[in-house]
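Student: I am new to this structure. Can you show me how to read its main features?
Tutor: Gladly; here it is.

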Amino acid sequence: MDKNIQYILEVARCGGITRAAEKLYITPSALSKFVQAREEEMNIRLFRRLGKKFVLTDAGQYYVRKCEEIERIQNEMDQQMKHLANLNNNIICLGVQPSFSDVTLRTVIPEFQKHYPKMKVILQEYPKDQLISMIKNQKIDVALVTTDKKETDLEYRKVKLCQIVMAVRKDHSLLEKTEKKMEFSYPWINLEQCAVEENVMLLPGSLFRKMADEVYAKAEAEPNIVYQISGTRTGLACVAYNHGVMITLDHMIFNNVFAEQILPLSIGEKPMYTDLDLVYMKDTVLTKEIETLKNIMTEAIQ
């Protein structure tokens, strides 16, 4: 980044010389002389000096605003050049939530490489929020994630519509208490009956824990939480091995190694859904490759 932009931006963001100099790894006197020289060069004051504070003038506010635009464009260009370098080297970085790693490794990547035999897929497995952050920071090219809220600076391509369900073993006693309801895809179970069972929950603060807490709160039911675990795969293992019950998504059940042992039950007053999307930056250079991934995933993910 041009020092004329980087140095002035840092002083504006820090509101002074000392802290900005620390972040820029130069001496305060050198930074002060640089700012003064820049102002003399343009024949206008960018900052008002109020003691040790540097406050932007009107001209300074305009200058900083334009510098931020240049900084953003420079960062976008640098990242896109990295993507183009990856593309030139036949590399695509794909992020997935852990629940979909198995189907991605088993089916999606091999099928994708039939279309692009020279392209290497680098797989990154992280929780949803971290994957979204990695896309924004250009650390991965595209991610397969469940989405509840969509951000305007990202592109979303729907792979599946997932229903929020209760996961139970196929021989669980709750199955005898289910009802058939026209608007629901699966046998329906009253959440109050689920609440007294041994509930499996993700750790507090996680996306799916918030979802489960909201579902039970809406039903005015207090779940008997016996298992608190860090991931859906382990949670479904508790369901399969220990007869626990767990609020999750139907497609997370279908693509799990325990799919043959677990059934989804519909819950709530009406069906609740969330999207499973491929997410990427709007200006990506990998549109053809991502479209191929989306088509393969739509078929491969049950």
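What follows is a short tour, feature by feature.

Tutor: This is a predicted model, in which local features need pLDDT of at least 70, side-chain atom pairs count only at pLDDT 80 or more, and totals for chains, interfaces and linings use all residues. Residues are numbered from 1 along each chain as its sequence is written, and side-chain values use heavy atoms, with hydrogens and water left out.

Student: What pLDDT does the protein average?
Tutor: pLDDT is the predictor's confidence in each residue, from 0 to 100. The protein averages 90, and 96% of the residues score at least 70.

Student: Where is confidence lowest, and where is it highest?
Tutor: Helices (H or I, at least four residues) and strands (E, at least two) are DSSP runs, numbered from the N terminus. Confidence is lowest in helix α4 (residues 58-88), with a mean of 78. Strand β10 (residues 262-266) has the highest, at 97. Where pLDDT is low, predicted coordinates should not be read in detail.

Student: Which residues touch the most other members of the largest nonpolar core?
Tutor: A nonpolar core is a set of buried Ala, Val, Leu, Ile, Met, Phe, Trp, Tyr and Cys residues joined through side-chain atoms within 4.5 Å. Buried means under 20% relative accessible area, exposed over 50%, and partly exposed in between (1.4 Å probe, protein chains only). The largest core here has 61 residues, and those touching the most other members are Leu144, Met166, Tyr216, Ile247, Ile267, Leu293 and Met297. Strand β6 (residues 154-169) gives the most to this core, 7 residues. Apart from it lies another core, of 19 residues, including Leu31 and Phe47.

Student: What is Tyr216 in contact with?
Tutor: Contact means heavy atoms within 4.5 Å. Leaving aside neighbours within four places in sequence, the partners of Tyr216 include Met166, Leu191, Pro223 and Ile247.

Student: How many disulfides are there?
Tutor: A disulfide is a pair of cysteine sulfur atoms within 2.5 Å. A search of the whole structure finds 0. Take Cys67: the closest cysteine sulfur, in Cys14, is 15 Å from its own, too far for a bond. Cys238 is in no disulfide either, as the nearest cysteine sulfur, that of Cys194, is 16 Å away. Cys67 is buried at 3% relative accessibility, and Cys238 is buried at 9%.

Student: At what angle do helix α2 and helix α3 pack?
Tutor: Axes are lines fitted to C-alpha atoms, for helices over the stretch in contact, and angles run from 0 to 180 degrees between N-to-C directions. Helix α2 (residues 17-24) and helix α3 (residues 28-42) pack at about 105°, with axes 9 Å apart. That makes α2 roughly perpendicular to α3 (under 35 degrees is roughly parallel, over 145 roughly antiparallel, 65 to 115 roughly perpendicular, and the rest oblique). Ile17, Ala20, Ala21 and Leu24 of α2 meet Pro28, Leu31, Ser32 and Val35 of α3.

Student: Is each of them buried or exposed?
Tutor: Gln138 is buried, at 15% relative accessible area, whereas Glu220 is exposed, at 74% relative accessibility.
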